[in-house]
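This report concerns the pockets of one protein model. Please look at the sequence and the structure before reading on.

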Amino acid sequence: MALNKKVEAILNNQINKEFWSAYFYMSMSNYLNANGMPGCANWMHVQFQEEISHALKLQYFVNERGGRVLLEPIAEVRTEWDDVLDIFQETLKHEEVVTGLINECVNVAMDERDHATVNFLQWFVDEQVEEEATVGEIIDQLRMFNCQGQGLYMMDKEFKARVFVDATKA
C-alpha cells in the first residue's frame, strides 16, 4: 500500500526539521569547543549525530512505503549563547518543539488511519520523552552548582564519554 499523501507530507516536514536540528546541535558543539568545553561539545556532537539518524530513519520509512523524500534548504541557526546553561535551556525548548512536531505526525497518521505509520512513530514519541527528561536533569544539575566551578568541570568531563547510538539500527 502506497504512503498516504498527507502522511508523506508531514513526514517530509519532519525529515527536514530533523536535519535542521542536527545543524542546530552542530552549531552548539562548535560554540562549546571554541569556549573550552570539549565534553559539552561532544554531548552536542552526539545530539547532531542522533538527529541525522532520526532524519534517516524517517527517510528510510518513507522510501520503504513508496513515498518520496523532498529535502529543503536548511535555515540559519543560532551561533552565540550566554553560557552552558543557556545552551541547555535552548536545547530543552527545542526538544519540546520537536515533541509537538512528532505528536502532529502521529495525529495526521491517526486521522488518515495509517496504522503502520502510527506504529513506526511510537519510537519517536518514546525518544522525545527521554530527550526532554535527560535535558531537564542536565539543567537541574547546572543550576545546582550555578553553572560554574568544579561542578561544571566534572560535568564537562563526564560528557566526554557520551557515545552515539544509531537510531536507524533500533
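The largest pocket has a volume of about 250 Å³. A pocket is an open set of points on a 1 Å grid over the protein atoms alone, where a 1.4 Å probe fits and protein lies on both sides within 12 Å along at least five of seven lines; the volume is the space filled by probe spheres set on the points, which are joined across faces, edges and corners. This is a predicted model, in which local features need pLDDT of at least 70, side-chain atom pairs count only at pLDDT 80 or more, and totals for chains, interfaces and linings use all residues. Residues are numbered from 1 along each chain as its sequence is written, and side-chain values use heavy atoms, without hydrogens and water.

Lining residues have an atom within 4 Å of a point. For the largest pocket there are 14, and N16, K17, W20, P73 and A75 are the closest to its centre. Two or more lining residues come from each of α1 (5-34) and α3 (84-111); helices are DSSP runs (H or I, at least four residues), numbered from the N terminus. With six residues, α1 gives the largest share.

The second largest pocket holds about 210 Å³ of space. Its lining also numbers 14 residues, of which E50, E127, E130, E131 and R162 are the closest to the centre. Here α2 (38-64) and α4 (115-144) give two or more residues, and the largest share, five residues, belongs to α4.

The table divides each lining by residue class: Ala, Val, Leu, Ile, Met, Phe, Trp, Tyr, Cys and Pro are nonpolar, Asp, Glu, Lys and Arg charged, and the others, Gly among them, polar.

| Pocket | Nonpolar | Polar | Charged |
|---|---|---|---|
| Largest pocket | eight residues | four residues | two residues |
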